[in-house]
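Hello,

Here is the structure I said I would pass on to you. Please look at the sequence and the model before you read my notes below.

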Amino acid sequence: MVFMVMNIMKTFKKLTSLTAVALIVLFLSLQVTAQVKVLDKIVAIVDDDVVLKSELDQRMDAIVAQLTQSGTQMPPQEILEQQVLDRLISERLQLTMGYDSGVRISDEELNQAVARIAASNKISVAQYIEQITLQGSSITSMREEIRNELTIMRVQQGKVMRRIRISEQELDNFLKSEDGRFVTSPDVNIGQILLSISSDSTKDAIDEVVGRAQLLFNQVEQGADFRALAIANSADQSALQGGDLGWRKMAQLPGVFIEAVEKLELGKVSQPIRSAAGYHLIKLYERRGGEEQLVEQHFARHILIKPNQIRDQQTTIDQLGKLRERSLAGEDFAILAKEFSEDPGSALSGGELGWSTPGMFVPEFERTMSTIAINDISAPFSSQFGWHILQVTERRQQDFSSEILRNKAQNMLRQRKYEEELQVWLQEIRDEAFIEIKQTPAS
């Protein structure tokens, strides 16, 4: 009996001890739970991604600092936060789109972007990095921001540009318009001497001005300094600057000037030109654009082989080297291209790529084309498409003035449409996405 009582007491004491431990553990867990602090929270769900409150706060701080530094009046807090949140949501959608479509920014591209930013601020890369550090940002976060910006830019250009179509008729109409003639006209650096004639001048007075103008023209032809003559004789407000009018668009000039300047050689002066203001002598110092645009073209052919799971890079290079030796030894390059080239666009035509134009091929290709001798075959070289050997069979100089002019006009029209089309596209991708605002930004 005593033995049983002792066992019961031991059991009770054991249970009491366990209960005490359990109570202590529970108490401590409650204490820990009470001390848990929310470090971040979600302000928006964007498809399968989220925007965090910390990101919103960080972007807000940056925007407020920019507005303060520029002296811009600050909008109400809730409006600014809503705009910043909208921007973050838009960026999330585009970054996801870029990732899903395989857009990747290499470290080399990133380094080049950092160098461009530093150069635009007229400082070295080291000084730019030092500025970022002094502002309290890390180099890693700075590079990540730039990488995201480049990704978004590439996504926008890829998605938006393919939506823009410019017809030949639209291009023709633009080139014929006053706006088109202005933006595509050449730039000229000119000077003038004006001998004015009043509206009530007699014939004798006009003849005297004509004689003076012809005398000044003859003096310039004989080597007199045009600027010195302008200072001494010109009635134009540019006289004290030696008659210099600076760079002007040809389309900005009066019609009588355009006709004269179009016929002038560099450094030459026009015969006296009559206008409502009097007689002018125009000197053409420099001209940009509008002249014949000779471009070197290459007629090339190539063989492309791509490394794969069976054939590694070195094996690919070796195979191309053997094909090069076979062709140099007398075998037909075209036949080898038909048999071995993995470029479906050119293999059936013996590797022929036709006549090139600048920017038509990737930089590695264009460098090889411009340096290789006619009928020689290049050593194997790589591009984003694989490994190549290349042969240039002909070269020529071709006038691309008309094509360059039309390309310039087309690019201008495309850029005009780009901003409008970009906003439409951004709204479309937002409408198609699942977006849930978890809280109002100001809350």
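D57 is partly exposed, with a relative accessible area of 29%. Here buried means under 20% relative accessible area, exposed means over 50%, and partly exposed is in between (1.4 Å probe, protein chains only). This is a predicted model, in which local features need pLDDT of at least 70 and side-chain atom pairs count only at pLDDT 80 or more, while totals for chains, interfaces and linings use all residues. Residues are numbered from 1 along each chain as its sequence is written, and side-chain values use heavy atoms, with hydrogens and water left out.

**Salt bridges**

D57 forms a salt bridge with K53, at 2.9 Å from N to O. An α-helix has 3.6 residues a turn, so residues three or four places apart point the same way. Helices (H or I, at least four residues) and strands (E, at least two) are DSSP runs, numbered from the N terminus.

By the rule above, the count comes to 19 salt bridges. One of them joins the side chains of E428 and R163, at 3.0 Å from N to O. This pair links distant parts of the chain, 265 residues apart: E428 is in helix α15 (residues 401–432), and R163 is in the loop between α6 (139–161) and α7 (168–176). E428 is partly exposed at 31% relative accessibility, and R163 is also partly exposed, at 30%.

K249 and D187 meet in another salt bridge, at 3.5 Å from N to O. K249 lies in strand β4 (residues 244–249) and D187 in strand β3 (residues 187–196), so this pair too links distant parts of the chain, 62 residues apart. K249 is buried at 15% relative accessible area, and D187 counts as buried at 19%. Salt bridges also link D49, E55 and R92 in a network.

**The sheet and its helices**

Three strands make an open sheet in the order β2-β1-β11, with antiparallel pairing. Two strands pair if DSSP finds at least two bridges between them. The edges of the sheet are β2 (49–52) and β11 (435–437); each has a single partner strand, so one side of each is left without a neighbour in the sheet. From one strand to the next, the twist averages 20 degrees.

β1 (residues 42–46) is joined to β11 by three bridges, and V46 stands opposite I435 in β11. Four bridges join β1 to β2, also running antiparallel, and I42 has L52 of β2 as its bridge partner. β1 and β2 form a hairpin with two residues between them, and D47 in the turn has a positive phi of about 55 degrees. Four of the five residues of β1 are buried, so this strand is largely enclosed by the rest of the structure.

Helix α2 (residues 53–70) lies across β1 and β2, at about 55 degrees to β2. Helix α3 (residues 77–100) packs on the sheet as well, touching β1, β2 and β11, and its direction makes about 150 degrees with that of β2. Contact means heavy atoms within 4.5 Å. Axes are lines fitted to C-alpha atoms, for helices over the stretch in contact, and angles run from 0 to 180 degrees between N-to-C directions.

**The largest pocket**

About 1700 Å³ of space lies in the largest pocket. On a 1 Å grid over the protein atoms alone, a pocket is an open set of points where a 1.4 Å probe fits, with protein on both sides within 12 Å along at least five of seven lines; lining residues have an atom within 4 Å of a point. Points are joined across faces, edges and corners, and the volume is the space filled by probe spheres set on them. The lining has 43 residues, and the closest to the centre are R59, A62, Q66, E145 and E149. The elements that give two or more residues to this lining are α2, α3, α5 (125–134), α6 and α15. α3 gives the most, with 12 residues.

**Helix α11**

Which residues of helix α11 (residues 255–263) are buried? They are F257, I258, A260 and V261. Their cover includes β3, β5 (273–275) and β6 (278–288).

Regards

Terms used:
A salt bridge is a side-chain nitrogen of Lys or Arg within 4 Å of a carboxyl oxygen of Asp or Glu.
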